[in-house]
Amino acid sequence: MNNKNFGNSFFKAARLLTIEDVATLSGGEVVSGAPTAQVWSFSTTKAAATGALCFVENTQKLSADLREVACVLCKPKDVDQISTNGAVVVVAEPQLAFSKIVEAVFPQAIGPMELTGPFVINDNGASVSGSAALEADVLIQPGAVIGSDVEVGQGTVIGANAVIADGVKIGRGCHIGATSTIQCAFIGDHVAIHPGVQIGQDGFGYLPTSNGLHKLPHIGRVIIQNSVEIGSGTTIDRGTIGDTVIGEGAKIDNLVQVAHNVVVGRHAVLCAQVGLAGSSAVGDGAMMGGRAALADGVEIGAGTQVAATSGVMNNIPPGERWAGTPAQKARTFFREQAALRKLGKANKPS
């Protein structure tokens, strides 16, 4: 793992981090482990990466193996329930402490950031960094900006006034629509992105504290696999610690919101104005009608169909059809609607 950037592709670390630093930055106490041991990355408990710092807010939901992480932040009452070969640091508010440590290491991950470094302006007004690597037959239209260390595959078109931020990788045969902005993203082959799409900005993540809302840093990425199509005006936020992933062949309509850490399965379909809240997941081949939405962390299974304008508050097993707000099985929903109409007619004044 790279000491300089903690293994992160898009953010360079402002400092190294030891267990002692973790305690200092969080205002916590080291109760086990070597204070001089190094932290190499950040992860969720679900990912539980070797050498990483993670936090445990609720031990009742803890099922991950934490033996190989470098350090776990937890509340004093939960120390006896943490099993790890690494260090344990106790703090009053583990998630808030974790956020402040990530922010100290990656201060540029808070809020909007500069997209590109130095570049040269071409004859058509496009701006291309000298370190960008463009394969044959790449078309850069007027006004586009291509940042440092960007890679663009053969036959890809970058539309007018699009901005491709530093470090982004785009595959072959893609089309990036005019005025789109892409940062913190890896994009596969034959991906079609329509005009005005925004990919890789930080997500809408805030933690309530006694001093108001604390903004969470987002150091994750957006991974877009092959043959995906993304409609105009859609926004796809990068992950907080992990990645936001759009699976192969997925089709996303106009004006869709995909929040941080969302996973959209292969060949899934999201119609216009669908909203996916943070850490939700759409299974392979699932379909969501216009203006349907998933709540935080909700997962819908492969082949699921969600009717237009539905609000999904609970997980849906594979292959089912749901409708309504809050959403339920479609058959039950339409029976209830029929019963309400019948009741309305029966009570209609003569």
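Mentor: Ground rules: residues are numbered from 1 along each chain as its sequence is written, and side-chain values use heavy atoms, with hydrogens and water left out. As the model is predicted, local features need pLDDT of at least 70 and side-chain atom pairs count only at pLDDT 80 or more, while totals for chains, interfaces and linings use all residues.

Trainee: What makes up the protein chain in terms of helices and strands?

Mentor: Three helices and 38 strands. Helices (H or I, at least four residues) and strands (E, at least two) are DSSP runs, numbered from the N terminus.

Trainee: How do you know whether E135 is buried or partly exposed?

Mentor: Buried means under 20% relative accessible area, exposed over 50%, and partly exposed in between (1.4 Å probe, protein chains only). E135 has 35% relative accessibility, so E135 counts as partly exposed. R172, with 44%, is partly exposed too.

Trainee: What about D202, and which residue does D202 pair with?

Mentor: D202 forms a salt bridge with K215, with the closest N and O atoms 3.0 Å apart. K215 belongs to strand β21 (residues 212-215), and D202 to the loop between β19 (198-199) and β20 (206-209), 13 residues apart. At 16% relative accessibility, D202 counts as buried.

Trainee: What makes R221 and D243 a salt bridge?

Mentor: Their side chains meet at 2.8 Å, N to O. R221 lies in the loop between β21 and β22 (222-224) and D243 in the loop between β24 (235-236) and β25 (244-246), so the pair joins parts 22 residues apart in sequence. R221, at 23% relative accessibility, counts as partly exposed, and D243 at 24% does as well.

Trainee: How many salt bridges does a search of the whole structure find?

Mentor: Nine.

Trainee: And how much of the protein chain is buried?

Mentor: Buried residues make up 47% of its 350 residues.

Definitions and conventions
Salt bridge = Lys/Arg side-chain N within 4 Å of Asp/Glu carboxyl O.
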